[in-house]
Amino acid sequence: MDTKKIRNFCIIAHIDHGKSTLADRFIEKASLVDSRNSMNQILDSMDIERERGITIKSQAVTLKYTAKDGQEYVLNLVDTPGHVDFSYEVSRAISSCEGALLLIDATQGVEAQTLANMYMAIDHNLEIIPVINKIDLPSADIEGVKYQIDHDLGLDSDMSVLVSAKTGQGVDELFEAIINYIPSPAPAKDDKLRALIFDSHYDPYRGVIVNIRVFSGQIKAGQDIKFMISGGTYRVEETGLFKIKLEKNDGLYEGDVGYINAGIKNISDVRIGDTITLAEDPAPDALEGFKEVKPVVFSSIYPVDSNDYEELLYAIEKLKLNDASLVFEPESSLALGFGFRCGFLGLLHLEIVQERLYREFDMDVV
């Protein structure tokens with residue numbers, strides 16, 4: 001597809017300002033799910049996200065949209081977490097986009113993570129569209145929020161779009177704003193394959209599924225690829241797009257956001273922020289990756305049964321594929337045996353990792 005018809009954008013905001021609800025409205029408007037299968041928090045795929053009402057993992061989805069001018073566009077949306085403990089997820093999502101919707105609650109106004117996420121987007125030279133949400137509530141102070149957008153954020157409040165993610169009001173206008181204000185992917189300097197790994201997860205049947213944004217060149221099944229940092233080489237078995245579920249296609253091209261399956265069983269070969277290129281015709285330079293994450297909370301994790309050490313190592317390695325901000329190294333204790341010293345971005349992050357180890361890998365830890 002012509003890159004001028006592609007828009008890559010993310011939704012950033014403070015926690016509980018309505019990111020996941022707005023993503024639901026986008027998905028419904030693009031008819032990716034019918035009313036029978038529709039539910040709240042469509043992109044929040046983990047049970048723990050639904051139970052707590054928070055987004056933990058950034059999730060991507062490809063939407064097709066026909067604008068008022070009759071042209072069809074491809075919109076790659078990345079929904080991100082709002083809690084500060086998952087800010088690394090936000091930084092990775094931002095690096096694969098050209099624009100961001102900065103969502104602000106009309107009843108609460110600009111808050112801490114609103115500012116932090118906006119500065120992150122500015123650092124990556126993203127085009128920012130302010131979006132005022134929850135305008136249907138009686139306590140909504142739209143003029144007050146516009147004043148904050150002008151004076152606290154330094155953005156143009158005239159550009160802001162008024163929406164109600166709950167009722168769908170203003171979502172059509174927001175689609176048009178995305179088409180008009182967010183730039184299409186910049187032209188590549190050459191046709192060598194450069195694809196940024198911004199996420200991955202482990203499939204027990206197919207190995208590691210790698211989420212990528214293609215910045216130049218193209219990638220298809222049957223090609224031999226190389227990871228520029230880890231040095232691993234693999235043959236691509238499948239490429240595809242995110243359409244709620246993974247949808248296979250004939251290849252990913254410049255500007256696309258999608259996934260590849262290359263039968264990767266060696267988990268350590270896949271590193272978030274690495275650049276994928278062709279093995280036989282490699283790019284001369286890698287893409288800029290992500291800043292090294294700095295944990296602020298440390299905790300030692302040990303298996304309840306010391307014989308489960310290898311299983312715990314395997315579980316943590318698979319979890320790190322899906323949560324690149326988790327840092328761990330082996331350690332031992334006279335009382336508890338072998339375990340791991342882990343670094344987290346906050347207490348909630350620690351709590352979520354412990355819960356995921358139990359739910360996804362059936363690992364009881366101390």
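Predicted model: local features only at pLDDT ≥ 70, side-chain atom pairs only at ≥ 80, totals over all residues.
1. To start with the overall picture, the chain holds 8 helices and 19 strands. Of its 366 residues, 54% are buried. The accessible surface is about 16,400 Å², and carbon and sulfur atoms contribute 47% of that.

2. Contacts across the sequence are worth a look too. Taking the contacts with a separation of 6 or more, 70% are between residues 24 or more positions apart.

3. Next, do look at strand β19 (residues 337-344), which pairs with strand β17 (residues 297-301) in the antiparallel sense through 5 bridges. Within this pairing, Ser299 has Cys342 of β19 as its bridge partner.

4. β19 also runs antiparallel to strand β18 (residues 327-333), and 7 bridges join the two. If you want a landmark here, Val327 sits opposite Gly343 in β19. β18 and β19 make a hairpin, with 3 residues between them.

5. Now for the helices. Helix α7 (residues 309-322) packs against helix α8 (residues 347-361) at an angle of about 110 degrees, and their axes lie 11 Å apart. Angles from 65 to 115 degrees count as roughly perpendicular, so that is how α7 and α8 stand to each other. Their crossing is right-handed.

6. For anyone inspecting the side chains at this crossing, the α7 residues that meet α8 are Leu312, Ala315, Ile316, Lys318, Leu319 and Asn322. On the α8 side, their counterparts are Val353, Arg356, Leu357, Glu360 and Phe361.

Methods
Residues numbered from 1 in each chain as written. Heavy atoms only, no water. Pairing = 2+ DSSP bridges. Helix = DSSP H or I, 4+ residues; strand = E, 2+ residues; numbered from the N terminus. Buried < 20%, exposed > 50% of the residue type's maximum accessible area, 1.4 Å probe, protein only. Contact = heavy atoms within 4.5 Å. Areas by Shrake-Rupley, 256 points an atom, 1.4 Å probe, with all protein chains shown as cover. Axes fitted to C-alpha atoms, helices over the stretch in contact; angles between N-to-C directions. Parallel < 35°, antiparallel > 145°, perpendicular 65-115°, else oblique. Left-handed = near helix turned anticlockwise from the far one by under 90°.
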